[in-house]
Amino acid sequence: MVLSRLREETRAQHRRVEDLLALLSPAMTVRGYCRVLQAMHAAWLPLEAALEKHCPAQYADLWRGRQRAHRLEADLAALGCDRDASRPGPFQPASLPDLSTAAAWLGALYVTEGSTLGGQQISRHLERKFGWSAGRGHTFFLGYGERTGERWRAVQQALEAPGLDGNQVVNGAHQTFSYLEVSFAGRL
Ligand code: HEM
């Protein structure tokens, strides 16, 4: 129930984020891909720190091992790119989502973990396009490899648990997508 609401009510935001990153664009170059990684790193680092800080006790096990900002750093390093470069000029500061309730926190986790699903397709595309293997430059998108489905099902189960406030979950997801969208739009 919450899952179908999440999927439906964040569809337009997902589409906008996908369009901003343009990772499947035939025109994507390694240089352009590095800019995407830089934008993602700038957004992911503070978001992940907020998820860590506000992780509710009941989700401590669920959260374990889902930190992936360091993979963006490794991918940038593997491609010889600076992690801090950003487009010159002003950009709008993005507001982090309010993760003060367990339900909103879970809504944010839905967004960050959902990106491992699209990541499977993105990884295969990058491997084909740039001839990369063994995770070169794309460990972030590889997610948990063969365990991605299993890890996603654990998130789905938490989202389907009885008693969750669906509005707060959806609101947490909305705010998280908005945060990413504003961050990416400011840098890409
Ligand atoms: C930071 C960027 C991204 C975030 C936060 C994100 C988030 C999500 C979320 C939350 C879902 C789960 C939807 C659901 O089943 O309820 C999802 C699935 C998906 N995403 Fe993304 N996504 C991102 C980038 C992308 C990009 C760039 C693409 C494509 C180029 C993409 C393609 C997909 C696809 C194909 C699925 C469905 C996978 C499946 O059902 O097996 N995503 N993403």
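In what order do the elements of the protein run from the N terminus on? The elements follow the pattern α-α-α-α-α-α-α-α-α, and the secondary structure amounts to 9 helices and 0 strands. Here helices (H or I, at least four residues) and strands (E, at least two) are DSSP runs, numbered from the N terminus. The radius of gyration is 16 Å, close to the 16 Å that the globule rule gives for 188 residues, so the protein is as compact as a globular protein of that length. This radius is taken over C-alpha atoms, and the globule rule is 2.2 Å times the number of residues to the power 0.38. Along the principal axes, the C-alpha atoms fill a box of roughly 45 × 40 × 30 Å.

The model is a predicted one, in which local features need pLDDT of at least 70 and side-chain atom pairs count only at pLDDT 80 or more, whereas totals for chains, interfaces and linings use all residues. Residues are numbered from 1 along each chain as its sequence is written.

Of the 18 residues around the ligand, Arg7, Gly114, Ser115, Leu117 and Gly118 come nearest; a residue is near a molecule or strand if its C-beta atom, placed from the backbone, lies within 6 Å of it. Helix H1 (2–9), helix H2 (11–21) and helix H6 (102–130) are the elements that give two or more residues to this shell. H6 gives the most, with 8 residues. By class, the shell holds 11 nonpolar, 5 polar and 2 charged residues, where Ala, Val, Leu, Ile, Met, Phe, Trp, Tyr, Cys and Pro count as nonpolar, Asp, Glu, Lys and Arg as charged, and the others, Gly among them, as polar.

H6 also packs against helix H9 (residues 166–187): their axes come within 7 Å and cross at roughly 50°. Axes are lines fitted to C-alpha atoms, for helices over the stretch in contact, and angles run from 0 to 180 degrees between N-to-C directions. H6 and H9 are therefore oblique to each other, given that angles under 35 degrees count as roughly parallel, over 145 as roughly antiparallel, 65 to 115 as roughly perpendicular and the rest as oblique. Their crossing is right-handed; a crossing is left-handed if the near helix is turned anticlockwise from the far one by less than a right angle, and right-handed if clockwise. Among the residues that meet are Trp105 and Tyr110 in H6 and Asn171 and Phe177 in H9, with contact meaning that C-beta atoms, placed from the backbone, lie within 7 Å. This contact has 11 nonpolar, 5 polar and no charged residues.

H9 also meets helix H3. The axes of H3 and H9 come within 9 Å and cross at roughly 145°, in a right-handed crossing. Ala39, Ala42, Ala43 and Leu47 of H3 make the contact with Tyr179, Leu180, Ser183, Phe184 and Arg187 of H9.

A further partner of H3 (residues 30–54) is helix H5 (residues 69–78), with axes that come within 9 Å and cross at roughly 155°. That makes H3 roughly antiparallel to H5, and the crossing is left-handed. The contact residues divide into 8 nonpolar, 2 polar and 3 charged.

Notes: Contact = placed C-beta atoms within 7 Å.
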